[in-house]
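Here is a short briefing for you to read alongside the coordinates.

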Number of protein chains: 2
Amino acid sequence: MESNDQHSDASSDKRKKMSCGLYFDAPKNLKEAIEMSINFGYHFLVTQLTHPSLVEDFDGPDAAHVIGRTDRILKAVEWNRLILGELSTSTDVDSEDIEIQKSSRATLEQELGFASHLGLPAILIYLTKPKNIQLARIINERLVLGLQLAVWVQIPIVHVSRENPMGESEHDTWDWWNDFRTYCDYDKRLRLVLEMPSIKNCPTSEELDRWIGEPVKALFLRTSQFLKNQFGKPVLPKSYQNIIQRFMALDVQYIIYSDTEDSDLGSYSKYINFLGKKLYFCNNMADFIEGCEDYLQNPLQPLTEHLESTVYEVFERDATKYINYENAVLRLLKHWKEPREPVIMVVGAGRGPLVQAVLDVSKTLDLKCKVYAIEKNPYAMNTLVHRNKYEWDSQVTLVKTDMRSWEAPELADVLVSELLGSFGDNELSPECLDGAQKFLNPKTGVSIPSQYTSFIAPIQSTKIFNEIRDNRMPDKTLKQSYETPYVVHLNNFYQLAPPEALFVFDHPNFTDCPDNKRYKSIRFPPISKAAVLTGFAGFFETVLLDEGSEEGSKVMLSTNPETHTPDMVSWFPIVFSLAVPVQLKAGDVVRVSFWREENFEKVWYEWCLESPCRTPIMNVNGRSYSLKKK
Amino acid sequence: MESNDQHSDASSDKRKKMSCGLYFDAPKNLKEAIEMSINFGYHFLVTQLTHPSLVEDFDGPDAAHVIGRTDRILKAVEWNRLILGELSTSTDVDSEDIEIQKSSRATLEQELGFASHLGLPAILIYLTKPKNIQLARIINERLVLGLQLAVWVQIPIVHVSRENPMGESEHDTWDWWNDFRTYCDYDKRLRLVLEMPSIKNCPTSEELDRWIGEPVKALFLRTSQFLKNQFGKPVLPKSYQNIIQRFMALDVQYIIYSDTEDSDLGSYSKYINFLGKKLYFCNNMADFIEGCEDYLQNPLQPLTEHLESTVYEVFERDATKYINYENAVLRLLKHWKEPREPVIMVVGAGRGPLVQAVLDVSKTLDLKCKVYAIEKNPYAMNTLVHRNKYEWDSQVTLVKTDMRSWEAPELADVLVSELLGSFGDNELSPECLDGAQKFLNPKTGVSIPSQYTSFIAPIQSTKIFNEIRDNRMPDKTLKQSYETPYVVHLNNFYQLAPPEALFVFDHPNFTDCPDNKRYKSIRFPPISKAAVLTGFAGFFETVLLDEGSEEGSKVMLSTNPETHTPDMVSWFPIVFSLAVPVQLKAGDVVRVSFWREENFEKVWYEWCLESPCRTPIMNVNGRSYSLKKK
């Protein structure tokens, strides 16, 4: 249910826009109920789609045709924006009693039709027990037939037994949801509404992790779950605030259910709005990524396609990254002892950020350097020419060529490059630097970076899985879409195990015939609770400069969440998907094989699952995705 | 090039938002030129992408790599929003001289690459002679390879010979454009910029018609084409204002080129903005259709799919339509002489607008009527039940059934229905009324409507052609998309001949076996000038009530442009497309065959061109589109 209010406060003061709905029990006058809710600061109203009280006024032959309210009490645009329709809670299509099953199904189907007729944005259903397979079939049939509205599925975060409310729950409600959405083929129109648990049952942060990987649309809060502050106003206990803070990343909405005598319902929406400011954590990263959450990008092909101005501009905005590069160059040149000028070649210079870093070091150390900038993109070269004349006093030697084919006039002491992609080697840095090292001093030459390692971690993200399924390129089949890795800022996901190191590349690599093919099988530790494996997230760590084995002797950049370079905004993770989600039980071991393959014209990855089940090998021979060498 | 200004004035005062660009000849400082243009009230700037003056400062080895300005003078977002890049006017890839051809091609390709690098929204090229086939090949190649930017193609509206500027033009510049875009397969990224003609060459309104069917993006105006008013401010002659008024329907932009000494360039953009208010013609229709121009809608399938609340709401908003219905009922019942109450059955009552019309007439005439409302949609019936109780004093007999299968308890004197689609019979009104007439009094019974006739007209609209090609449903092939008729508010189109009557249906139709199959071949008058036939627009006229042959004895509704019911907003035209646009010469005769076919389960149309060339018959056996009877 989208908020009406188009105005974004994000730019003026840092806060999360919170959208609240009010649960309203069968109001006689819906129009008035809406007006009241809006006056109370709510954005939508949750109420029954049909209800006995709505038909009781009718008799005679017409009465048989009454379903619910007349659609004419609201405009179509109001039904569509303001009303979340709750389906009858008295039906049970999964009842053991055939008669109850049949009458429930008739009611449910009529209500689904009525919701479509009214043009509601969403309906609300409840899962109250483990088995909901009949309900899943009916909902799934509507989804496949093209249901226009979203289905919000409400469950308690933590199940509490009626018989033994204080005891340990015998159910994991995640299983109820997982069964249901699996039957419905992970349809993205299915969204979760989570009931806030009792205060003593609050899940741990780790237990929340898995829910963060689910399509949670709203949190359901009772007014009885609020405390009163010294002014008699509602506030939430800290443990609830912590839960809300976690879910804010998913832009969830809030449904307030009044189960107390408090008539000042506006104070609850006001408080939730206040939390949007109080709990919002904003950093450099948050600004940078806003709007790209879970958005699929194709990895760059910088060897065969010229990067565009806007891409360079985004690169250059990451100050942290270039400070680390500058630091690496500084630490290296600090020890320069030779009487001659060091020769520094920036290969793949782009619009010159690394050239600038080298020149800054040269100035800092008061050490004159011979600087080359090698760049094959004629349009970036045009920029370098301007910078060389107006900013660099023409001291840089510009060479417009592919570094792999350049015949350099002298040997370099240092090769500086930034050819890494989200997976480290996935923009062909190994192949480019192998080609460039022929003009690097074979005895003393140093490459910055000197090493990089890719990392992978198994993830659950039906969001990404659906993005791949629904937003495929027109020229790709569904199979090809799953076999393509995507660069994506992961948000609505659950990481099932810590990342493990995959492939390592060192530079320079003065072997006779550098081999950049790789293979590795990785076994992750047993997972702690049931989950759905949808693919793997890829990261990298790079050693820009390695000055020995002691602490702090390395200048690093990392996108591995465990060692992420603070404040660095470049490089979102890369995602390798599976063609079909794999259901995992607690204790299951995920084992995966990854290959880096190449032939004369391209490089590609293949991957498959070995455990807990085997899958066909993905992207065979780079059929769906590869990196062109030329 | 989209305007920056997100604020729409449309709601506050009725006006067209005008977007102006300023042509700026090779400014030394682009940043300053932009600031000046914005201060002058312009939304974008048109300037050369490369220019000799931009490279003259460079020497030495770097000079060879200079292409144009450095991309770093503007942010990517500024390049992307503010700059329309003019390509070199000194190149000629269509030169007879091979050397000129080759060097021109190298320059052109470099400029195209540079424009992509900068991330410009569009480039500007000129067609200055009839033959541009080499230029078309190069541009088309880029388009097919996925060019991200738009290509604005500038031509004079009216060609003026340099040798004989006062004489009759020997060229129709539309031919230059038509050849060019045909080679480029009608790509929608190609847009037209039309140069305002000299005042004595202004085209007639009829000559402008064809341009209105083209993807015109901007009008190009020289400051010398403006007059000065009594305050020394620029104004345009009436004949130019007339041209601008015509193109306002296409939301064109304006490029101002300064070829006079006037330094107050702001006065020109200000005047154009003023025209946005002065020339804007706003009526009931304009409000209703805003935002749906040239947007494809699938025709309704009301027999097999329940209409939704929002659809009924849109129907009911058309007061003119129901006033005409009410008038028809009134004129009919005015003559009621029998002692008993007339029996009036509204078949397909929906949410009751025709029931209301009948009850209003009953009240006006103080004639008690027996009113039935027959409706098969249970959700519309729910609404009728509410209206019957709360608005109609329970005097209406509601029957929830399909009119074709109802066993009526008595015979009707009048059947009132509104089952017509954009093409008249295309929502199966004939089949439904044939079914319903079994409960119409066979001697004196009247059907409102009593007759309807579909009309077709040949049209040129590459806009619609591209919409069909690019926005097809995921479950339809391209062929199926072309074979599907669409309901669309035609805006960017050119009607090649007046509509001709196609199929006629009369009700009641008490023959033994009503036959609603139809066939007709229509020959349109020779067309006046060369054009591109992309399909046919369909309309209808209906006689609600026919009281004789004298003037004014018929109550009509019409969507035929020649007889359109004033102020009626219901029913956009329907479009039947061709699979391939057909090039027409002046004098060509368009002849088309249309069929209405049916079998036990469905009704469909087939169509094909007979002249000036034959085409395969479209939608054979309703393979791509049909109307389900059940």
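Predicted model: local features only at pLDDT ≥ 70, side-chain atom pairs only at ≥ 80, totals over all residues.

Residues are numbered from 1 along each chain as its sequence is written, chains are lettered from A and ligands numbered from 1 in the order in which they are written, and side-chain values use heavy atoms, with hydrogens and water left out.

**The interface between the chains**

- Contact here means heavy atoms within 4.5 Å, and 45 residues of chain B touch 45 residues of chain A in this sense.
- About 3,800 Å² is buried between chain B and chain A, with carbon and sulfur atoms giving 54% of that; buried area is the accessible area (1.4 Å probe) that two parts lose on being put together, summed over both.
- On the chain B side, the residues losing the most area to chain A are B:Arg72, B:His117 and B:Tyr379, together 20% of what that side buries.
- There are 27 residue pairs in polar contact between chain B and chain A, both residues being at pLDDT 80 or more. A polar contact is a pair of N or O atoms within 3.5 Å; within protein, one must be able to donate a hydrogen and the other to accept it, and residues adjacent in sequence count only if both atoms are side-chain atoms.
- In chain B, α4 (98–118), α11 (309–316), α14 (378–390) and β13 (396–400) each supply at least two residues of the side that touches chain A. Helices (H or I, at least four residues) and strands (E, at least two) are DSSP runs, numbered from the N terminus.
- The element giving the most to that side of chain B is α14(B), with 12 residues.

**A sheet in chain B**

- Four strands of chain B make an open antiparallel sheet in the order β20-β24-β25-β26; two strands pair if DSSP finds at least two bridges between them.
- β20 (518–523) and β26 (627–628) of chain B are the edge strands, each pairing on one side only.
- Strands β24 (591–598) and β25 (602–611) of chain B are joined by eight bridges, and B:Arg596 has B:Tyr605 in β25(B) as its bridge partner.

**Salt bridges**

- The whole structure holds 70 salt bridges over all chains, a salt bridge being a side-chain nitrogen of Lys or Arg within 4 Å of a carboxyl oxygen of Asp or Glu.
- Six salt bridges are counted between chain B and chain A, and B:Asp71 and A:Arg351 meet in a salt bridge at 3.1 Å, N to O.

**Backbone details**

- A cis peptide bond links A:Ile448 to A:Pro449, with omega about 10 degrees.
- The bond from B:Ser611 to B:Pro612 is also cis, with omega near 10 degrees, and B:Pro612 sits in the loop between β25 and β26 of chain B.
- A:Trp571, a residue other than glycine, has a positive phi near 65 degrees.
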